[in-house]
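Here is a short briefing for a first look at this structure. Start with the view below, then read the points by topic.

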Amino acid sequence: MHPTSLMMTTSLMTIFLLLAYPVLTTLSPAPRAADWALTQVKAAVKLAFFVSLLPLFLFMNEGVEAIITSWNWMNTLTFDVNLSLKFDHYSIIFVPIALYVTWSILEFAAWYMHADPFMNRFFKYLLVFLIAMVVLVTANNMFQLFIGWEGVGIMSFLLIGWWYGRADANTAALQAVVYNRVGDIGLILAMAWMATNLNSWEMQQMFVTAKNFDLTLPLLGLIVAATGKSAQFGLHPWLPSAMEGPTPVSALLHSSTMVVAGIFLLIRMSPLIENNPAALTLCLCLGALTTLFTATCALTQNDIKKIVAFSTSSQLGLMMVTIGLNQPQLAFLHICTHAFFKAMLFLCSGSIIHSLNDEQDIRKMGGMHHLTPVTSSCLTIGSLALTGTPFLAGFFSKDPIIEALNTSHLNAWALTLTLLATSFTAVYSLRVVFFVSMGHPRFNTFSPINENNPMVVNPIKRLAVGSIIAGLLITSNVIPLKTPVMSMPPLLKLAALTVTILGLMVALELASLTNKQLKTTPTLAPHHFSNMLGFFPPIIHRFTPKLNLVLGQTIANQLIDQTWLEKAGPKALVSSNIPLITTTSNAQQGMIKTYLALFLLTLTFAALLVSY
Amino acid sequence: MTPMHFTFSAAFLLGLAGLAFHRTHLLSALLCLEGMMLSLFLALSLWTLEFSSINFFTSPLLLLAFSACEASAGLALLVATARTHGSDHLKNLSLLQC
């Protein structure tokens with residue numbers, strides 16, 4: 001066998017084994033060592049990362065992609081389901097990035113959760129999640145993808161509800177599961193359609209045989225699935241609620257890996273989407289709406305984790321817009337760069353929260369730049385990368401997206417919304433940095449604030465390095481599949497940058513107004529709309545169930561109890577018969593007069609009848 | 001029909017109506033019954049005279065005798081009713097009890 005493919009296959013199987021080994025050792029009844037989490041789990045992930053670099057370098061050097069089909073799972077006469085792993089350029093690049101980010105997050109989590117009595121279980125959950133995610137991205141057939149999909153959904157539920165004594169955490173976990181389930185309906189619809197029409201769940205066969213079909217229905221199903229998993233507008237409330245989980249969970253699941261699963265699904269299915277203009281337009285408009293709506297919601301939030309969560313949602317909307325532009329590779333590039341700086345933003349927030357004794361309100365922070373310089377610097381780097389500052393990681397993915405949007409002959413409304421959302425990104429990023437790092441402290445000085453522990457600082461530093469150079473590294477080593485439009489008017493080329501700088505200037509001006517009162521009464525309506533998340537959760541979570549319950553009550557009470565049972569059924573029998581019975585009983589009292597009178601009357605009538 | 005015919009038929013029917021639509025007293029019902037008997041006596045007599053049939057010359061007297069028995073039976077019932085129910089109000093005579 002050719003050495004390259006042998007090395008590729010071996011290293012990829014090794015990654016799976018390395019990740020699965022710690023989980024399998026937990027099946028034995030012997031208790032784990034106290035530092036099992038740190039030594040076994042983190043070491044496994046670190047080792048898996050270094051092993052995954054091998055296929056990455058092979059790919060970058062030779063362009064080697066591999067598809068491994070290893071096991072006939074369920075084979076009927078007409079339908080085969082196999083265990084099939086696909087290591088094309090998407091999964092080869094994503095797996096090392098996911099492992100790198102997870103390695104940093106696990107090291108951080110060992111510090112963050114060190115006082116938790118069930119830390120080993122926490123790390124086990126994170127590892128199981130990682131395995132499910134890797135299964136998802138390396139799946140070559142829909143069945144395996146579905147296994148990974150559901151796996152990440154379940155682990156998300158378990159991890160969001162980690163502090164299950166807190167009612168809000170349970171509600172948030174339930175919300176995540178229910179919204180994901182609604183999206184899963186779309187995925188199962190698509191899978192069923194493909195099984196019945198394309199006769200296979202293997203992606204290669206699907207792409208070849210789908211050319212003659214009208215694919216609108218399965219693509220709609222896939223878009224609904226992506227809406228659920230990647231928190232697009234309509235199924236988005238679970239993502240900010242998911243911040244009830246510990247910060248490592250937010251950093252891993254709800255910024256870099258799980259929420260991009262929906263976008264990743266659409267990227268995998270891009271050969272099917274690219275010929276369907278309806279699906280593309282839907283993605284474009286849905287993504288644009290999502291990115292603007294969530295950016296608006298992020299403007300007035302006061303919880304630092306919620307701001308970062310909405311920022312994630314906004315970037316996911318941007319990825320959806322990219323898919324709507326028929327640029328799956330750009331979307332994937334944005335997934336990769338976004339993983340770095342978003343995870344870093346979450347880790348910085350976690351470090352600040354822990355230093356301030358679990359204070360999450362940015363109105364009660366301030367002046368952290370003097371107290372935790374490394375963390376606040378990395379916060380700034382992450383925010384700059386997020387807004388697309390030239391030559392940081394976010395620039396290499398965000399700017400081409402905006403350029404592609406500008407030079408395409410598509411929806412101008414989507415373009416406007418996306419540009420507006422880009423400026424809002426700058427605004428809320430500045431808001432975070434201003435309230436957290438700048439100014440004077442607004443908290444009590446109870447806890448010792450330091451950055452002496454390397455387990456905090458090293459992951460953040462590693463991710464900062466990634467945030468700076470990842471964009472450059474990936475774009476210079478990966479061949480684009482579609483030629484981007486390079487020449488455009490200068491204003492169009494600088495559109496993203498201009499809009500961001502404008503947003504930044506507006507935000508700076510607004511920030512300087514925080515200690516002045518120029519208006520006598522504030523305009524509350526826009527603030528309330530943004531702060532209450534557009535009133536979407538209260539309406540959907542309270543109003544529609546209430547309508548359902550009222551409908552149920554009306555049916556049970558008025559339809560069944562009052563109508564069927566009283567007016568039309570048994571009681572009606574009673575109420576219509578009793579007057580008849582009463583009248584008859586009254587007539588038949590046993591009085592002779594009645595009978596004699598009737599006799600006479602009958603006699604008269606008979607006589608009249610006979611004579612006429 | 002002839003006026004004579006009409007007279008006793010009308011008397012009979014009026015007596016019957018009076019019996020059927022009685023109001024308060026049993027005695028008035030019995031009186032109506034007597035009236036009916038009287039009209040029947042009249043009818044029987046006139047019938048015999050009209051058709052000159054010797055055979056039925058005695059029937060009116062027979063009817064009279066039987067009507068007297070029946071009247072006395074009725075009056076005995078009236079007295080019994082007055083004894084058990086206190087009066088002869090017909091509205092008390094609805095239950096089959098003494």
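The largest cavity has a volume of about 60 Å³. It is one of five cavities of 30 Å³ or more in the structure. The model is predicted.

**The largest cavity**

- Three elements of chain A each give two or more residues to the lining of the largest cavity: α14 (304–324), α17 (373–387) and α19 (412–436).
- The lining residues include A:Ile307, A:Val308 and A:Ser311.
- A:Leu345, A:Ser383 and A:Leu386 also line the largest cavity.
- A:Tyr428, A:Ser429 and A:Val432 complete the lining.
- By class, six lining residues are nonpolar and three are polar.

**Domains of chain A**

- Chain A is split into two parts: domain 1 covers 3–515, and domain 2 covers 570–611.
- The C-alpha centres of domain 1 and domain 2 of chain A are 88 Å apart.

**A:Gln144**

- Helix α5 of chain A, residues 142–160, holds A:Gln144.
- Is A:Gln144 buried or exposed? A:Gln144 counts as buried because its relative accessible area is 4%, and the cut-off for buried is under 20%.

Terms used. Residues are numbered from 1 along each chain as its sequence is written. Chains are lettered from A and ligands numbered from 1 in the order in which they are written. This is a predicted model: local features need pLDDT of at least 70, side-chain atom pairs count only at pLDDT 80 or more; totals for chains, interfaces and linings use all residues. Side-chain values use heavy atoms; hydrogens and water are left out. Domain bounds come from an automatic or database domain assignment. On a 1 Å grid over the protein atoms alone, a cavity is a set of points where a 1.4 Å probe fits but cannot get out, and a pocket is an open set with protein on both sides within 12 Å along at least five of seven lines; lining residues have an atom within 4 Å of a point. Grid points are joined across faces, edges and corners, and a volume is the space filled by probe spheres set on the points. Helices (H or I, at least four residues) and strands (E, at least two) are DSSP runs, numbered from the N terminus. Ala, Val, Leu, Ile, Met, Phe, Trp, Tyr, Cys and Pro count as nonpolar, Asp, Glu, Lys and Arg as charged, and the others, Gly among them, as polar. Buried means under 20% relative accessible area, exposed over 50%, partly exposed in between (1.4 Å probe, protein chains only).
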